[in-house]
Amino acid sequence: MGYKTIIGLEIHTELMTKTKMFCSCANSFGNEANTNCCPVCVGLPGALPVINETAIEYAIKAGIALNSNIITNTRMDRKNYFYSDLVKGYQISQDDLPLCEGGFIEIELGDGTKKVNLQRIHIEEDTGKQTHTTEGDTLIDYNRSGVPLIEIVTKPDMNTPEEARLFLEKLRATLKYIEVSDCKMEEGSLRCDVNINVVDSETGEKTNITEIKNLNSFRGAVKAMEFEEKRHIALLKEGKNTVRETRRWDEVKNETITMRQKLGVADYRFAADGDLAPLVIDNKWIEDIRSNLPELPHDKKERFIDEYNLEPYDAGVLTASKDLAAFYEETIKYVNDPKLVSNWIMGDVLRRLKDEEVEIEDVSLTPKALGQLISIVKDGKINNNTGKKVLKEMFDTGKDPETIVKEQGLIQISDEGELKGIIEKILDENEQSIIDFKNGKDRALGFLVGQIMKASRGKANPQLVNKMLTDMLNER
């Protein structure tokens, strides 16, 4: 007996406009609570909204980048529901005439490429933000109320949490490439709702769809989907079904928790917003935006493969982030060896970024400094292992590699006379290893090399050490 998981996503993305969707209040994160507010933000009687043209431009840009059709006759609607973070009692959104229809993102799986289709991309305004205190009070900050959003709705084309993660990563990369959102999940500018259910492949029985709201990290989203997938399967095995409901992810308990019964479209009583005239989008404007779109992740990946002769996997990793791709191309200007630069970034640089949970734009390491380091290693002034130690020091101190090498006396020893003295001393101290080598035990050679590198504080030229050591062993 097998089960098929069905996953669809709704992603809310805040747009990086200077002002809010329908007024001139600042669209900025982290200000004192309720200081970026006006009568329009809180829906006071008589306050009239005015559409932010830049928000429409950014939404069109996202639609083009995600292969959607841009609808030229559209309008804004009122979505009626009551929550304490929605002071007007309705949210300005789009119902049956979204700005963008269709579209897709291709994700790369182990056995090929999969197309995840989009239903729509529509514009709406964000709500306020609630904070629940330990005393049981709820504080509300309306600075976020009215911030422009696009909601990207997929078709239920994903069948595993891993596919959903790959989709989200590709989506975030694309939105950052076209610079319509900073996609900072920790600040709430990219939030994801998951719709998930499971089908019994043998009987065809389906569980009811449950929705998991406001997931603000990819790791949390994957864990929530994995939990919900197991819960649905367990219920099917017991001959039960899920309740059609909205749930939330509890990071402490590592489980989803019921929030409320899931609402349907009819519950929202959508109606055209009488304060906002229908939008008619000029085709020339759409084509101007299309022609000024920057190079997108997929196109950049293909160019990296062709131009720098990189493996597809490496090119995919390097172009997954616009800033990392720019860092790579800038580094090549200082050391014209694309493959070698790729190896350093794919290895020690990315490992360090992962360990510190930061992005390349958040560290003091510069392309020029990394290029200088790679050049020093390439020229044989220091060996590869020493280069890795220098890179660690560069991350920690921000110093350039030549300064670190000079201060710590790390120049590689390639003088044969000096190396001969070190090797002879190690051989004199390890008679048994010489006997083992003569008896064909290869590990003895590795041991002796290690002792020589240790004696030289890692500065000995390893290629020269290997050659000289072998010659000297054969002479004994």
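**Figure 1. Charged ends over aromatic rings.** In this predicted model, the charged end of Lys-79 sits over the ring of Tyr-268, at 4.5 Å from the centre of that ring. Tyr-268 is also part of a cluster, in which ring pairs link it with Tyr-81, Tyr-83 and Phe-270.

Figure 2. A search of the whole structure finds 7 aromatic pairs, and one of them is formed by Phe-304 and Tyr-328. A pair of aromatic rings is described by the distance of the centres and the angle of the planes. Because Phe-304 lies in helix α5 (residues 297-308) and Tyr-328 lies in helix α7 (residues 322-332), the pair ties together parts that are 24 residues apart in sequence. Phe-304 is buried, with a relative accessible area of 0%, and Tyr-328 is likewise buried, with a value of 0%.

Figure 3. Divided by class, the lining of the largest cavity has 3 nonpolar, 3 polar and 4 charged residues.

**Figure 4. The second largest pocket.** This pocket has a volume of about 1800 Å³ and is lined by 46 residues, of which Glu-169, Arg-172, Ala-320, Ser-321 and Glu-359 lie nearest its centre. Several elements give two or more residues to the lining, among them the strand β7 (104-109) and the helices α3 (218-237), α6 (312-319) and α8 (338-356). Helix α2 gives the most to the lining of this pocket, with 8 residues. By class, the lining of the second largest pocket is made up of 20 nonpolar, 6 polar and 20 charged residues.

Figure 5. In helix α11 (residues 401-408), the buried residues are Pro-401, Ile-404 and Val-405. These three residues cover an arc of only 95° around the axis, which puts them on the same side of α11. An α-helix has 3.6 residues a turn, so residues three or four places apart point the same way. On the other side of α11, by contrast, Lys-406 and Glu-407 are exposed.

**Figure 6. Two asparagines with positive phi.** Most residues other than glycine have a negative phi. Asn-34, however, has a phi near 60°, which is a positive value in a residue other than glycine, and its place is in the loop between β1 (3-14) and α1 (53-65). With a relative accessibility of 39%, Asn-34 counts as partly exposed. The phi of Asn-254 is also positive, near 55°, and Asn-254 lies in the loop between β14 (245-250) and β15 (255-261). Asn-254 counts as partly exposed because its relative accessibility is 37%, a value that falls between the limits of 20% for buried and 50% for exposed residues.

Notes
Residues numbered from 1 in each chain as written. Predicted model: local features only at pLDDT ≥ 70, side-chain atom pairs only at ≥ 80, totals over all residues. Heavy atoms only, no water. Nonpolar A, V, L, I, M, F, W, Y, C, P; charged D, E, K, R; others polar. Phe/Tyr/Trp six-rings, centres within 6.5 Å; stacked < 30°, edge-to-face > 60°. Helix = DSSP H or I, 4+ residues; strand = E, 2+ residues; numbered from the N terminus. Buried < 20%, exposed > 50% of the residue type's maximum accessible area, 1.4 Å probe, protein only. Lys NZ or Arg CZ within 6 Å of the ring centre and 35° of its normal. 1 Å grid on protein atoms, 1.4 Å probe; cavity = no way out; pocket = protein on both sides within 12 Å on 5 of 7 lines; lining within 4 Å. Points joined across faces, edges and corners; volume = space filled by probe spheres on them. Arc of directions from axis to C-beta.
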